[in-house]
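Here is a short report on pockets, a strand and a helix. Look over the sequence and the model before reading on.

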Amino acid sequence: MYRVRKIVYCNEAHERHCYGNGMSVAILDSGIYPHVDFGNRIVSFRDFVNHSREIYDDNGHGSHIAGIVGASGRASHGKYCGMAPECSFFIGKVLDYEGNGNMADILEGIDWVIANRDRYRIRILNVSVGTTAKIQREEDYCLVEAVERAWEAGIVVVAAAGNNGPKESSITIPGISRKIITVGCSDDYIPVYMNGSKKRDYSGRGPTLECICKPDIVAPGNQIVSTRNNLSGYFVKSGTSMSTPVVTGATALLLERYPYFTPKEVKKRLLFSATDLGLPRNKQGWGILNVWKMLYG
């Protein structure tokens, strides 16, 4: 199983020369700052919020996510290295400076990713944003349909389970989709401060309102150190938003090794190689991500 060392990465995979080389990862979030750790790997950026041509991140959430996926560790002399440090980034800014977004921008962002999948060879889409699923609204169905459309187009969609646990049916949208890979937090038993209050056992639980078992898999997400939205800094964040890019980065390693895998084959490999934690299915899914077994088992 991979190790967790502040930022999560796979020592074993790196020893076998899996770095995510040639993998293009799309991230829809608050943007990305051209941090030293990203080098020249930001291949495309589009701002759906303020329509700026500048590459930026006025919130920091998106830069943190990108760092977990693929920070090179250059600014920290290798101390904080992402899961797939040679992948490239295809970034859509759909969240504002407060971390809020509207459905229209997110839907447009997904369509943009799909439209550019061949040109930029996009294999993976990370969605660490979501909305609550108390009542099924038409726009919620639109978001689920959009991520499933990306999935059918050959893009592995990895989404957060949300931080509304431990109550049942607390998976956020689009994580409720039966097709995509929904990620919960494996170490949410550790109390952390979120939005000004101390929380634990916050990872979203299934089943969904349509009785689908979720999440699919869990990964570490508590107190993860990753890239800050400045030139060379790092900072700590917690939540299923952080667990999700751990799985996204691992998926980049898997697709580097098995480039012919379809999204369905990727999901099957991830789930069947996970390590059972002995927890309820609607808390842990199939278990915790096991990178070594996923790649070489």
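A pocket, on a 1 Å grid over the protein atoms alone, is an open set of points where a 1.4 Å probe fits, with protein on both sides within 12 Å along at least five of seven lines; lining residues have an atom within 4 Å of a point. A volume is the space filled by probe spheres set on the points, which are joined across faces, edges and corners. This is a predicted model: local features need pLDDT of at least 70, side-chain atom pairs count only at pLDDT 80 or more, and totals for chains, interfaces and linings use all residues. Residues are numbered from 1 along each chain as its sequence is written, and side-chain values use heavy atoms, without hydrogens and water.

**Pockets**

| Pocket | Volume | Lining |
|---|---|---|
| Largest | about 980 Å³ | 35 residues |

His-61, Gly-99, Ser-128, Asn-163 and Ser-241 lie nearest the centre of the largest pocket. Helix H5 (240-257) is among the elements that each supply at least two residues of its lining.

**Strand and helix**

Helices (H or I, at least four residues) and strands (E, at least two) are DSSP runs, numbered from the N terminus. Buried means under 20% relative accessible area (1.4 Å probe, protein chains only). In strand E3 (residues 24-29), six of six residues are buried. Strands pair if DSSP finds at least two bridges between them. Six bridges join E3 to strand E5 (residues 88-93), running parallel. There, Ser-24 has Ser-88 as its bridge partner. E3 also pairs in the parallel sense with strand E6 (residues 122-127), over four bridges. Helix H2 (residues 61-70) has 10 of its 10 residues buried.

Note on methods. Buried < 20%, exposed > 50% of the residue type's maximum accessible area, 1.4 Å probe, protein only.
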